Amino acid sequence: AQSSISDADTAEGRATLTNAETIGQLHIDSADAYVDKARALVDEANEAQVDATASLGDASEAVIQAQEALDKAVASNEDSSSQTAQLQTAQAQQSDARAALVVADTALEDADSELSSADQALTDAKALDLAIETRTDEIVAKQSADAQSAINTADAQSDASALSQDETTIA
């Protein structure tokens with residue numbers, strides 16, 4: 001591809017430049033989609049964390065209420081087996097809610113990391129696209145300058161030839 005770009009202003013060279021610029025833009029589009037998906041993951045992870053935090057709050061409140069009910073039953077010298085079972089259930093739910101919060105926190109950290117990677121991929125894609133655009137513009141400018149130089153040389157040679165013919169005709 002580089003030789004078709006460098007050798008001459010050929011159809012293959014122009015196609016290669018166009019393809020390079022198209023690929024650069026495709027990288028940006030792909031990275032944009034990656035960022036969008038990563039942001040969606042962060043949003044979902046935030047929602048999961050909020051839900052897990054609320055569940056832990058509810059479970060902790062249930063533990064407090066179950067403990068109070070158990071304490072009342074014990075203070076009243078009543079059979080407290082039902083309240084003990086309710087407290088154990090509430091504590092198990094609280095433990096599950098804590099575990100769910102840890103999972104949600106980890107998911108959010110992972111999603112944030114993924115978003116950071118996506119942002120970097122987008123930055124890299126934009127830098128690559130800019131480098132491609134800059135390089136192709138340089139190549140096109142050089143080819144245009146070379147073509148103009150060739151035209152100028154041909155014009156000068158044509159003028160010199162015409163002048164020479166005029167001098168021959170006059171002589």
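Predicted model: local features only at pLDDT ≥ 70, side-chain atom pairs only at ≥ 80, totals over all residues.

Me: Is Glu 138 buried, exposed or partly exposed?

Reply: Glu 138 counts as partly exposed because its relative accessibility is 43%.

Me: What does Glu 138 form a salt bridge with?

Reply: The partner is Arg 135, with the closest N and O atoms 3.3 Å apart. A salt bridge here is a side-chain nitrogen of Lys or Arg within 4 Å of a carboxyl oxygen of Asp or Glu. Glu 138 and Arg 135 both lie in helix H3, three residues apart, about one turn of the helix. Arg 135 is partly exposed, because its relative accessibility is 43%.

Me: How many salt bridges does the structure hold?

Reply: One.

Me: OK, the fold. How many helices and strands?

Reply: Three helices and zero strands, so named from DSSP runs (helices H or I, at least four residues; strands E, at least two), numbered from the N terminus. The order from the N terminus is α-α-α. Of the 171 residues, 22% count as buried.

Me: What share of the contacts comes from residues 24 or more positions apart?

Reply: They account for 79% of the contacts with a separation of 6 or more. Contact means heavy atoms within 4.5 Å.

Me: Which residues make up the largest nonpolar core?

Reply: There are twelve, including Ile 28, Val 35, Val 42, Leu 108, Leu 115 and Leu 122. Helix H2 (11-75) and helix H3 (81-170) are the elements that give two or more residues to this core. A nonpolar core is a set of buried Ala, Val, Leu, Ile, Met, Phe, Trp, Tyr and Cys residues joined through side-chain atoms within 4.5 Å. A second, separate core has six residues, among them Ala 52, Ala 59, Ala 97 and Leu 101.

Me: What is Leu 108 in contact with?

Reply: Leaving aside neighbours within four places in sequence, Leu 108 is in contact with Val 42, Ala 45, Asn 46 and Gln 49.

Me: And Asp 129, which side chain of opposite charge is nearest?

Reply: Lys 126, at 9.5 Å. Asp 129 is buried yet has no salt bridge. Opposite charge is counted with Lys and Arg as positive and Asp and Glu as negative, leaving out His and the chain ends. Asp 129 is found in helix H3. Setting aside neighbours within four places in sequence, its contacts are Glu 21, Gly 24, Gln 25 and Ile 28.

Me: Switching to the loop between H2 and H3. What is phi of Asn 77?

Reply: Near 55°, a positive value in a residue other than glycine. Asn 77 lies in that loop and is exposed, because its relative accessible area is 71%.

Note on methods
Residues numbered from 1 in each chain as written. Heavy atoms only, no water. Buried < 20%, exposed > 50% of the residue type's maximum accessible area, 1.4 Å probe, protein only.
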